[in-house]
Amino acid sequence: MKHERTTAQRSTAEWQAADAAHFMHPFTDFGALAKKGSRIIEKAEGIHLWDTEGHRILDAMSGLWCVNVGYGQRTLIDAATKQLEQLPFYNAFFQTATPPAIELAELLAELTPPQFKHVFFSGSGSEGNDTIVRMVRRYWDLLGQPERRVIISRNNAYHGSTMAGASLGGMSGMHAQGGLPIPDITHIEQPYWYELGRSMSRDEFGIVAAGWLEKKILEVGAERVAAFIGEPIQGAGGVIIPPETYWPEVQRICDKYGVLLVSDEVICGFGRTGNWWGCETMGTRPDLMTFAKGVTSGYIPLGGVMVGERIAKVLIERGGEFNHGYTYSGHPVACAVALANIRLIQRERLVEKVRNDLGPHLARGFEALKEHPLIGDAETCGLMGALLLVKDKASGAPFAPELEVGMICRGHCFANGLIMRAVGDRMIIAPPLVITGEQIDEMLGLIRRCLDLTWADVRAQG
Ligand code: PXG
């Protein structure tokens, strides 16, 4: 009768046993998790989650960088219900379309920078970046320059987990599994000032780091370079906020060599940085943008690519059939939820709040945390932030990686009702955009307590 059991009837231990027996989690050491047992999240409201043990947890990661409007938003739930009743699915392949997909395309064209009038929908950010690879190469083929195939990305970038997404990404651990990257994708070093450029000012380093792109273009041969892709701020890589000089210089270099610029807005889009798009915060004019996550606040999967007119025009006027698409490209329920989500962001003026109020509030809190003996650096942009834990504050010397100080800190966070991620020894947050000033203070208080506990552990270990 086990198939008939429902949530309410199972204990945490029973959930954990069934989980370990059947569910292979993403990016997980299956054997280790099976021994330890998952934390089972059962419900959520606002910026808080509850696990099956009844613990209340402040979700400072917005699910996985996506639940920007917080949990339990009635208008999103109603939009999904209504669309499920009216038309749960129809495809967009055979010269058909559904009203929510058309309306969302129209709204995205309005909300994005003026070079964007067209969108290609996918089911996720990874699929969006697969679309980018196909589309970029198709564009250059149609222009009679098929040798322009190479896409340049960066080390420690994250662009998804499909074959193309993982190839574009710069995670060596991912490349090592499955024979990646696929051909004609190459990487340059990331613009991580603290690690790579502390002998210079941030601004000087930004120019140097952008210069690595020009060097790579010349090494590959400009006539072979199709595009450069980057996250305005690297998220999964540890909230690496580049110097202000970096992106404008990257734009200048792309323009100089006719290389397409792709902004992966999967995390930075929909208000996270205090503007609708990370490229607006960073001052670039991309030819393509990938989006996902915040488009529906994670209530339902949806992703896509904003296609700049430079590319759309060629695809439309000379393209013929583009042999690419997904069953769920323009899924009507996902699009209906996205419409409700975007209207909520507009109605509540969340982007303006992040820019003028919440972002500066968080920045002040992180500035104050810089005094903590564990913190080597603290930075924020909008509602993204990173705290770097270091062994020696004066010199900035890092802890030995095997100490896993970030994981120790993350453990204290979990135990104290806070979800904060550890990427190595960078502790990162990206709370829902509906967080209030008071809740930011509550979060900062929890962070400080967990830093103190981590500091005590570190000292006890000598
Ligand atoms: N681009 C960026 C910039 C992302 O952050 C993707 C593409 C892929 O999206 P999908 O929807 O295919 O997952 C992402 C996803 C982490 C973490 O550990 C980050 C992501 C996904 C999983 C884990 O921070 N970002």
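Modeller: Start with Ile-152, which stands opposite Phe-228 in strand 7. That's where strand 5 (residues 150-154) and strand 7 (residues 225-230) run parallel, paired over three bridges (strands are DSSP E runs of at least two residues, helices H or I runs of at least four, numbered from the N terminus; pairing takes at least two DSSP bridges). Keep in mind that this is a predicted model: local features need pLDDT of at least 70 and side-chain atom pairs 80 or more, while totals for chains, interfaces and linings use all residues. Residue numbers run from 1 along each chain, and side-chain values use heavy atoms, without hydrogens or water.

Zoom out and you get an open, mixed sheet of seven strands, ordered 4-10-9-8-7-5-6. Strand 4 and strand 6 (185-188) are at the edges with a single partner each, so one side of each has no neighbour in the sheet. From one strand to the next, the twist averages 25°. Helix 13 packs on the sheet, touching strands 4, 8, 9 and 10, and its direction makes about 90° with that of strand 10 (contact is heavy atoms within 4.5 Å; angles, 0 to 180 degrees, compare N-to-C directions of lines fitted to C-alpha atoms, for helices over the stretch in contact).

Strand 4 (116-122) and helix 13 (309-318) each also supply at least two residues to the lining of the second largest pocket, as do helix 5 (99-111) and helix 6 (125-142). Strand 4 gives the most, with four residues (a pocket is an open set of points on a 1 Å grid where a 1.4 Å probe fits, with protein on both sides within 12 Å along at least five of seven lines; lining residues have an atom within 4 Å of a point).
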